[in-house]
Amino acid sequence: MLAKEQALTGPADRVREGARDAAQRADFDSWMAARQARMLRTAYLLTGDVRAAEDLTQTTLAKVYLAWDRVSAARSVDAYARKIMVNEHSSMWRRLWRQREVVSDTRSRDIPVAAQEYDGVATDLWNAVRELPERQRAVIVLRYYEQLSEAETAEALGVTVGTVKSQASRALATLRDRLTGWEAQQ
């Protein structure tokens, strides 16, 4: 069937198709350049690991690229990309059979992208966030870092609004306890 389709299309059709593909690639490249750093920071906050964040960002961008012709006309490509990122992250930690790889490189790595949030003042907060259970961490990152509403967070995580509220409440209580203990030590 592909040979028939190619036989039916002339050189002018293939030129138009190539121009459309080039325009879509340029459109995607522009979108990616504007959002890649923020996506990497969000992935880092979700995973707590630089290498895992890089992998998660790369997977997310690849999936968005593959669906670009469908999603570029959508109302919010960012929401689509965030949903992919959260789903990919969730699928990583939901696999019980998955063995976690241990990195043998013990040199410390910097936070992937410089941002105002990482000015040294909030380092203890983000360290405490990274110690939260996966779902609580995802809720905190989406609600307070990405500034999504409870409904948007629930949609991104595939849970109910009540679950988002309870996970956020537990996470905030844990953070208060840890940071109150930290203040007492200072």
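Is R137 buried or exposed? In this predicted model, R137 counts as buried, at 4% relative accessibility. The residue takes part in a salt bridge with E134, in which the closest N and O atoms are 2.8 Å apart. R137 and E134 are three residues apart in helix α7, and about one helical turn therefore separates them. E134 is partly exposed, its relative accessible area being 23%.

The fold is helical: the protein contains nine helices and zero strands. In sequence order the pattern reads α-α-α-α-α-α-α-α-α. Of the 186 residues in the protein, 32% are buried. Among contacts with a separation of 6 or more, 67% are made by residues 24 or more positions apart.

Salt bridges were examined next. Side chains of opposite charge can pair when their charged atoms come close. The structure holds six salt bridges, one of which joins the side chains of E146 and R38 at 3.7 Å, N to O. E146 is in the loop between α7 and α8 (150–157), whereas R38 belongs to helix α2 (residues 11–47), so this pair ties together parts that are 108 residues apart in sequence. E146 is buried, with a relative accessible area of 12%, while R38, at 36% relative accessibility, counts as partly exposed.

A further salt bridge is formed by the side chains of E88 and K63, with an N to O distance of 2.6 Å. This pair also links distant parts of the chain, since E88 is in helix α5 (residues 77–94) and K63 is in helix α3 (residues 50–66), 25 residues apart. E88 is buried, with a relative accessible area of 18%. K63 counts as partly exposed, at 37% relative accessibility.

Elsewhere, salt bridges with shared partners join R38, R82 and E146 into one network.

Helix α7 (residues 134–145) also contains Q136. Q136 is buried, with a relative accessible area of 10%. When residues up to four places away in sequence are not counted, Q136 touches Q167, R170, A171 and T174.

Helix α6 (residues 123–130) has W126, A128 and V129 as its buried residues. Viewed down the axis of α6, these buried residues fall within an arc of 155°, so they line one face of the helix.

Another buried position is V71, which has a relative accessible area of 6% and is placed in helix α4 (residues 68–71). With its neighbours within four places in sequence left aside, V71 is in contact with V64, V77 and Y80. The C-alpha atoms of V71 and A81 are separated by 9.4 Å, the two residues being 10 residues apart along the chain.

Note on methods: Residues numbered from 1 in each chain as written. Predicted model: local features only at pLDDT ≥ 70, side-chain atom pairs only at ≥ 80, totals over all residues. Heavy atoms only, no water. Buried < 20%, exposed > 50% of the residue type's maximum accessible area, 1.4 Å probe, protein only. Helix = DSSP H or I, 4+ residues; strand = E, 2+ residues; numbered from the N terminus. Arc of directions from axis to C-beta. Contact = heavy atoms within 4.5 Å. Salt bridge = Lys/Arg side-chain N within 4 Å of Asp/Glu carboxyl O.
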